[in-house]
Amino acid sequence: HMGIVVLGLMMMNAKAINGAMIQMLAHGISTGGLFLCVGVLYERRHTRRMEEFGGLAAQMPWFNAVFLIFTLASVGLPGLSGFPGEFMILVGTMSAGKASAGLPPVFEDARLYCALAATGVILGAVYMLGMFQRVMFGPLSNPKNKHLPDLTAREGLVLLPMLGMAFWLGLYPMTFLSDIDPAVNRTIAAIKEKYAAGAPESPKLLGGAAEGAKAQPGTRE
């Protein structure tokens with residue numbers, strides 16, 4: 001998730017940077033929810049080893065549903081919090097060359113980086129869903145798991161707001177983008193202005209603009 005965020009920030013266009021901001025919010029929701037789910041299991045079994053579990057879906061159906069939602073949010077299922085940010089970053093990366101006019105050139109052709117990022121998203125889904133399958137499905141062979149209680153009311157009240165946020169951000173991201181987008185556009189405009197004022201012919205990312213400003217006649221160190 002953090003690698004995808006950094007990619008979006010480096011693309012120097014509003015769509016990718018907005019996606020990075022949304023992805024940071026989504027990461028806090030899905031990862032926070034997953035850590036709470038791990039905490040629920042740890043309170044019951046005092047272990048985090050996956051081989052100690054298996055077949056919990058039938059024993060803890062409510063927990064299974066909550067854990068599944070946070071897992072799918074983490075892998076970027078459409079309709080949940082992980083999807084809008086990742087989608088915007090990938091689209092913004094594909095259009096980085098056109099959308100970054102007037103800004104320091106980051107990559108001549110970002111399609112390779114978009115492909116690598118999309119591959120990372122797929123691999124992330126593979127290991128997350130594999131983890132969920134090992135913990136929640138299969139035979140309930142460990143006798144220590146045969147009497148585990150399902151979610152309590154207290155645990156449900158803690159997890160419910162996180163679930164609401166996962167669906168809210170996934171279904172209505174404009175609620176957050178309406179506040180994020182103006183700040184992102186102002187930031188991009190400021191970078192364009194500074195870069196245009198002191199950009200050398202062959203800049204090295206943002207550092208080149210500063211070096212070009214130093215090299216201008218009449219300026220002082």
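I looked up Phe83 and found it partly exposed, with a relative accessible area of 29%. Buried means under 20% relative accessible area, exposed over 50% and partly exposed in between, with a 1.4 Å probe and protein chains only. The model is predicted: local features need pLDDT of at least 70, side-chain atom pairs count only at pLDDT 80 or more, and totals for chains, interfaces and linings use all residues. Residues are numbered from 1 along each chain as its sequence is written, and side-chain values use heavy atoms, with hydrogens and water left out.

I next checked Phe87, which counts as partly exposed at 47% relative accessibility. Phe83 and Phe87 are 4 residues apart in helix H5, so about one helical turn separates them. Helices are DSSP runs (H or I, at least four residues), numbered from the N terminus.

I then checked the length of H5 (residues 82-94): its 13 residues should span 18 Å at 1.5 Å a residue, and the end C-alpha atoms are 19 Å apart, which agrees. The expected span is 1.5 Å times one less than the number of residues. Buried residues of H5 include Gly82, Met88 and Ile89.

I searched for aromatic pairs and the count came to 5. Rings of Phe, Tyr and Trp (its six-membered ring) pair if their centres lie within 6.5 Å; planes under 30 degrees apart count as stacked, over 60 as edge-to-face and the rest as tilted. The Phe83 and Phe87 rings have centres 5.5 Å apart and planes at 25°, so this pair is stacked. For Phe132 and Phe137 the centres are 5.6 Å apart and the planes at 65°, so that pair is edge-to-face. Phe132 is buried at 4% relative accessibility, whereas Phe137 is partly exposed at 40%.

I turned to Asn64, which is in helix H4 and is buried, with a relative accessible area of 14%. Leaving aside neighbours within four places in sequence, Asn64 is in contact (heavy atoms within 4.5 Å) with Ala57, Phe132, Met136 and Phe137.

I looked up the largest nonpolar core, which has 23 residues; Phe63, Phe67 and Met136 are among those with the most contacts inside it. Such a core is a set of buried Ala, Val, Leu, Ile, Met, Phe, Trp, Tyr and Cys residues joined through side-chain atoms within 4.5 Å. Helix H7 (111-136) is one of the helices that each supply at least two residues of this core, and its share, 6 residues, is the largest.
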